[in-house]
Amino acid sequence: MKKRLYECAKVLRSKNSGPFEITLDCLFDDEQIYRKIKESGIINRALVAELYHIPEDLITNIVFFDPALGFKITFARRISSGTSFDRDVYGAQQHAPLMELLVEV
Amino acid sequence: MKELRLLSPCGILGYGFPESSFLNGMAMNPDAIVVDAGSTDAGPHKLGAGVAIVSRRACKKDLEIMITNGAKAKIPVVIGSAGGAGGRVHVEWTLSIIEEILKEHGLQHLKLTVIWADIEKEIVKQRLSEGKIDPLGLTVGELTPERIEKTTGIVAQMGHEPIVRALEQGADIIVCGRAYDPSPFAAVAVFHGFDMAYGYHAGKILECAALCAQPGTTKDCMLGIIREDGFIVTPLSKDRVCTKTSVAAHTFYEKDHPYLLHGPGIVLNLEHCTFTELEDGRSVFVTGSRIERTDPYRIKLEGAMPVAFRTFVVAGIRDPLLIGQLEEVQDKVKAQVRDYYSDVDEKDYKINFINYGINGVMGEMEPCRDLPHEVGVVFEVIAKTQELADTVCSSVRSTFLHYGYEGRKSTAGNLAFPFAPSDVPFGRVYEFSLYHLMDVRDGEEMFPVEEWKGGGAR
């Protein structure tokens, strides 16, 4: 069965990791779902590049962390926080494209 | 078993916390009250313009509870990244509030110690020329002596070392300039002889106060209990609990990596941590945190410089004929204004439209392009001077308001302004000009510890 990622996740958020990076966190409360998504390999650089219209070389980290049942995606901002032409000073509303992702659970 | 108790009242000094939670914490006999006051989250303006994140009144309200209770219990109060950005002006702002509290409560006998975190431009230029400075991020601009010169204030994040020094000197209140958020917590742990890894890991959790609890918030208190074999975190309001996942997940928060955390002179590795829920059903025991010292010791520099002035307008659009061709119309408005000001150098200003309802939040990263029935437009002019920003913005506004686009029926006006006047002169726009790592001799080289005798006594 396929579900939207936001339907399976307990926390799905974005935030600055310093003024030059955006980091996306996706955390689960169901270990089986977490494992299934981790092992499916669907969360990868090509996907992030496509969802966010960014070149892959701006992506610095995609890491799964088992004790927290979650994964993290970090990419460089093209415009740093709070200067001319930035649109999201805290980077707190950049998670929506990831929410809509269809995952097999 | 030997243990150390740290009370963290709130995630940012001045955010406020329930006094009842704080007093629950005091009833558990903490060894120190530690609070983080800083963040770069609100952008470069705070550091660049020398202003605080919170109001003076809010900061005083929190500090008054912390200082009077700390004095009563004879335990130190440690404040990290005073005033938000932790530069001299931010630290002095915090000191003036503390002096007022000490006077009002007859507590002038307390030993007030300040640790400065400002870095002189000459030092940065020197180390830059020696190749001892590297950017921290793929899109951080290249550092040049000119950029350093334009920067209004440079600070660096301190580690635990200078704070330990202040504790050794018997300080009752320690006001730190810019600090790595967990450092003030780690310092108390190291001062009392506990494992630095647990000090920093506990600090990483406690600096956000109750954010790692459920429900999570930065506006409520947490207690950290550091032991020789690990540490315990426990929320101080009955309405919150910590779970093993909520605490494990907190290490994700606003960091680039879920279990490798870089700090001043250290890397914290949390990959092999275990998180155990205690029998009380609300506390979590953490163990297995590891730390490595780095060679050379590197500190993170932060600096902000003014880059332009801004004037902006907020307006709404409800006409579907305009919404259907909004970006094209905006391009034409831009071109017409450029044409009108052909006597002004094009490089001296920029016109920018943010279309809320279409792609206001994400810009070119927005995957969804459906058109809404209503759009909120923020348009701005970024210019060399405030006067030029005001002038050009005024023309953008009148041109956009009356622009006769293809197929227009609403010939009376294109924009609904919620406010009069519509144009808002914003002032200076800043940019993080420094976000770099710099080699230093050790953790104390750049952070002088000074007993504060009051602004007038110096």
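In chain A, 4 strands form an open sheet with antiparallel pairing, in the order β2-β3-β5-β4. At its edges sit β2 (11-16) and β4 (59-65) of chain A, each of which pairs on one side only. From one strand to the next, the twist averages 10°. Please keep in mind that this is a predicted model.

Let's look at one pairing in the sheet. Strand β3 and strand β5 of chain A run antiparallel and are joined by 7 bridges. β3 covers residues 21-27, while β5 covers residues 70-76.

Helix α3 of chain A, residues 45-52, lies across β4 and β5 of chain A. Its direction makes an angle of about 120° with β4(A).

Here are the elements of chain A described above, with their residue ranges.

| Element (chain A) | Residues |
|---|---|
| β2 | residues 11-16 |
| β3 | residues 21-27 |
| α3 | residues 45-52 |
| β4 | residues 59-65 |
| β5 | residues 70-76 |

Now for chain B, taken as a whole. Chain B holds 13 helices and 19 strands. Along the principal axes, its C-alpha atoms fill a box of roughly 80 × 50 × 45 Å. Of the 458 residues in chain B, 49% are buried. Among contacts in chain B with a separation of 6 or more, 77% are between residues 24 or more positions apart.

Conventions:
Residues numbered from 1 in each chain as written. Chains lettered and ligands numbered in written order. Predicted model: local features only at pLDDT ≥ 70, side-chain atom pairs only at ≥ 80, totals over all residues. Pairing = 2+ DSSP bridges. Helix = DSSP H or I, 4+ residues; strand = E, 2+ residues; numbered from the N terminus. Axes fitted to C-alpha atoms, helices over the stretch in contact; angles between N-to-C directions. Contact = placed C-beta atoms within 7 Å. Buried ≥ 20, exposed ≤ 12 C-beta atoms within 10 Å, placed from the backbone.
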